[in-house]
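Here's a quick look at one structure, with a few side chains picked out along the way. Have the viewer open as you read.

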Amino acid sequence: MKINNEQKAIIEHTIKNGVFCGGGKDMDELCDAGLMEYAGKKSFVPDPYYRVTPAGKKAV
């Protein structure tokens, strides 16, 4: 998969912060490619959290 600039920014943010909160088309594509994975939800935050996979770290 060739990642776009937004997807690269999501992965870099997640590497720096441990998780990414939010979804959308770019996140769906990253998860489908195995570069990001669902990490759960918090009861007080409506959006899901995601974490980067080892393949995602290699992609950037």
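## The aromatic pair

How many aromatic pairs does the structure hold? This is a predicted model, and the structure holds 1 aromatic pair. Tyr38 and Tyr50 make up that pair, in an edge-to-face arrangement with 6.1 Å centre to centre and 75° between the planes.

What about burial? Tyr38 has 49% relative accessibility, so it counts as partly exposed. Tyr50 comes in at 10%, and therefore counts as buried.

## Thr14 in helix α1

Thr14 sits in helix α1 (residues 5-17). A polar atom of the Thr14 side chain lies 2.7 Å from the backbone oxygen of Ile10.

Which residues does Thr14 touch, not counting residues up to four places away in sequence? They are Val19, Phe20, Met36, Tyr50, Arg51 and Val52, so one member of the aromatic pair, Tyr50, turns up here too.

Is Ile15 buried or partly exposed? With a relative accessible area of 40%, Ile15 is partly exposed.

Leaving aside neighbours within four places in sequence, Ile15 is in contact with Val52, Lys57 and Val60. Ile15 and Gly56 are 41 residues apart in sequence, yet their C-alpha atoms are 9.2 Å apart in space.

Terms used
Residues numbered from 1 in each chain as written. Predicted model: local features only at pLDDT ≥ 70, side-chain atom pairs only at ≥ 80, totals over all residues. Heavy atoms only, no water. Helix = DSSP H or I, 4+ residues; strand = E, 2+ residues; numbered from the N terminus. Polar contact = N/O pair within 3.5 Å; in protein donor to acceptor, adjacent residues only side chain to side chain. Contact = heavy atoms within 4.5 Å. Buried < 20%, exposed > 50% of the residue type's maximum accessible area, 1.4 Å probe, protein only. Phe/Tyr/Trp six-rings, centres within 6.5 Å; stacked < 30°, edge-to-face > 60°.
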